[in-house]
Amino acid sequence: MVEIDRDYQDYLQSLAHAALDRAREALGPVTAGVDVQVVTARSAPAGLVEVAERSKAWMLVTGSSADGSWGHVALGSVTDRLLHSCPVPVAIAPRGYRCHSGQTMRRITVAVDGSESTGAVLRLSLIHISEP
């Protein structure tokens, strides 16, 4: 039984590393200096929260659910759980969002709960959206 579990874990690790290789290839030089990790966790949200805490992240950014409409924010099971359990602010990109070099955001929606961390996100959002 243990050998089967190890083989399955090895298989999952190889899938994860292959996905990271494809991402690096697609993004090219943008990934230079980026810390890339494969994390094993009981769920995707649990793994993301663990890494956010360990790396002292100030924000977690994720995409919308594949079930949502293009150009709209749609919560899936992962983003929904992150919004309720993540210790840092969570930003959700609209489905299909692509950022091109030199492109600026014209609108950012921020839900503020009065905590210092969401206040910091709001201040940073205002700085980035007001830049030319």
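Which residues make up the largest nonpolar core of the protein? In this predicted model, that core has 6 residues, namely Val 49, Ala 52, Leu 60, Leu 82, Cys 86 and Val 88. In soluble globular proteins, nonpolar side chains tend to be buried together.

Now for the overall layout. The protein has 4 helices and 2 strands, which run α-α-β-α-β-α from the N terminus on. Its C-alpha trace spans about 55 × 35 × 30 Å along the principal axes. As for contacts with a separation of 6 or more, 52% come from residues 24 or more positions apart. On the charge side, there are 12 positive and 14 negative side chains, and the centres of the two sets sit 7 Å apart.

Ser 64 deserves a look of its own. This residue sits in the loop between strand S1 (60-63) and helix H3 (77-85). Ser 64 counts as buried because its relative accessible area is 17%, under the 20% cut-off. Its side chain reaches the backbone oxygen of Ala 93 at 2.7 Å, and a polar atom of that side chain lies 3.1 Å from the backbone nitrogen of Ala 74. Neighbours within four places in sequence aside, Ser 64 is in contact with His 72, Val 73 and Ala 74, and also with Ile 92, Ala 93, Pro 94 and Arg 95.

Definitions and conventions: Residues are numbered from 1 along each chain as its sequence is written. This is a predicted model: local features need pLDDT of at least 70, side-chain atom pairs count only at pLDDT 80 or more; totals for chains, interfaces and linings use all residues. Side-chain values use heavy atoms; hydrogens and water are left out. Contact means heavy atoms within 4.5 Å. Lys and Arg count as positive and Asp and Glu as negative; His and the chain ends are not counted. The place of a charge is taken as NZ of Lys, CZ of Arg, CG of Asp or CD of Glu. A nonpolar core is a set of buried Ala, Val, Leu, Ile, Met, Phe, Trp, Tyr and Cys residues joined through side-chain atoms within 4.5 Å. Buried means under 20% relative accessible area, exposed over 50%, partly exposed in between (1.4 Å probe, protein chains only). A polar contact is a pair of N or O atoms within 3.5 Å; within protein, one must be able to donate a hydrogen and the other to accept it, and residues adjacent in sequence count only if both atoms are side-chain atoms.
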